[in-house]
Amino acid sequence: MSIAAPRRGDGRPGALWAVPALLYFALFAVVPMALVVGLSFTAWNGLGSPHWAGARNWTRLLHDPQLAQSLRLSALLTAVTWAVQTLICLPLGVWCAGHQRSRAVLSTLFFVPLLMSSAAVALLFAALLDPNFGLAHTVGPWLGVPDGNLIGDPHRALWTVTAVITWQFVPFHTLLYQAAARQVPVQLYEAATIDGADRWRQFRSVTLPQLRNTVVTSSVLILVGSLTYFDIVLILTDGGPGTSTRILPLHMYLTGFSSFDMGYASVLAVLLLLAGTTLSLLVVRVTGFRRMASQREGLS
């Protein structure tokens, strides 16, 4: 005996199907966010009970000497990682969408970083970037750093961290573009070929428009994800040299777990939440992603 699923009058599943997802979101997203907002109005060192502090933690934002630099570094990291990853992943994903045997083998190698955790990636590159025994001892002079101390140079440390982050996440976004490129209807390429379009023209006039929604999705993931990086930076540089790589997520982490100021760290967490939400909504608004419609209409 089967139980019929609740459906609406138009035949689509009813709202009851959304209850498990809504409960999961409420339990693991809404409740923690509400707790963090509440903690931002308290004074708490992580032990004992929080004490009400009013808006004192929020007024500290205006007097935090590290906040402006952390915001600037986070904005720079966000912009650079988005630009570099998009420029690499989009063409690489389209190339990997081919069906040649060599591409399948190379694609497998490209996706190896996906199997590693961020901590493992950071430890791997910490060894490679060691100026005494690592690969940086050889590569450093080629990049204008005679001693090979790339992560010890305040002018190059952030760029080095950006390169490590890019290496880790390029495979994921390449996979997104690869999957999307394989869904482009072959009839569009056949029609373009008949019209005399070469491969570059087909890429520009057929592939790119068909990947528009994937570009938006990947961009949102990169922009919002860049506001959560701190583990790689923590292991590689610990925010140094000095404070040259102390991005906002790391500033929040060190404030809470090194200075044991959970109240002000919660304020920084709320600030990160607002920044991520604003970025994602801005991208959706500018690109018209919420009006996304099928691009395969009329194709069989």
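Analyst: Leucine 282 is partly exposed, with a relative accessible area of 48%. By the classes used here, buried means under 20% relative accessible area, exposed means over 50%, and partly exposed covers the range in between, for a 1.4 Å probe with protein chains only. The model is predicted, with local features requiring pLDDT of at least 70 and side-chain atom pairs pLDDT 80 or more, whereas totals for chains, interfaces and linings use all residues. Residues are numbered from 1 along each chain as its sequence is written, and side-chain values use heavy atoms, without hydrogens or water.

Leucine 282 belongs to helix H13, which runs over residues 262-287. Helices (H or I, at least four residues) and strands (E, at least two) are DSSP runs numbered from the N terminus. The C-alpha atom of leucine 282 is 9.5 Å from that of valine 220, although 62 residues separate the two along the chain. By contrast, asparagine 149 and alanine 197 are 48 residues apart in the chain, and their C-alpha atoms are separated by 49 Å. Asparagine 149 sits in the loop between helix H6 (136-139) and helix H7 (157-181) and is partly exposed at 25% relative accessibility.

The UniProt record, an unreviewed entry, places the feature "transmembrane region" at several spans, including 109-129 and 262-284; its positions follow the numbering used here, feature names are shortened, and annotations may be inferred rather than shown by experiment. Residues 262-284 are 100% helix and 0% strand, with 33 Å between the end C-alpha atoms. Residues 109-129 are 62% helix and 0% strand, and there the end C-alpha atoms are 22 Å apart.

Phenylalanine 260 is in the loop between H12 and H13 and has a phi near 55°, a positive value in a residue other than glycine. Aspartate 261, in the loop between helix H12 (248-257) and H13, forms a salt bridge with arginine 60, the closest N and O atoms being 2.5 Å apart. A salt bridge is a side-chain nitrogen of Lys or Arg within 4 Å of a carboxyl oxygen of Asp or Glu. Side chains of opposite charge can pair when their charged atoms come close. The pair links distant parts of the chain, 201 residues apart, as arginine 60 lies in the loop between helix H2 (56-59) and helix H3 (67-96). Aspartate 261 counts as buried at 19% relative accessibility, while arginine 60 is partly exposed at 35%.

The count comes to two salt bridges. Arginine 156 and aspartate 153 also form one, with the closest N and O atoms 2.6 Å apart. Here arginine 156 is partly exposed, at 29%, and aspartate 153 is buried, at 14%.

On the surface, Trp95, Val105, Leu106, Leu109, Phe110 and Val112 form a nonpolar patch with about 500 Å² of accessible area together. Such patches consist of residues with over 30% relative accessible area and no salt bridge, in which nonpolar side chains (Val, Leu, Ile, Met, Phe, Trp, Tyr) are joined within 5 Å and like charges within 9 Å; areas come from the Shrake-Rupley method with a 1.4 Å probe, and for residues only the protein chains shown count as cover. Helix H4 (101-110) contributes the largest share of the patch, four residues. Valine 112 lies in the loop between H4 and helix H5 (118-128) and is partly exposed, at 37%.

For the chain as a whole, there are 13 helices and two strands. Buried residues make up 37% of the 300 residues. The C-alpha trace spans about 65 × 65 × 40 Å along its principal axes.
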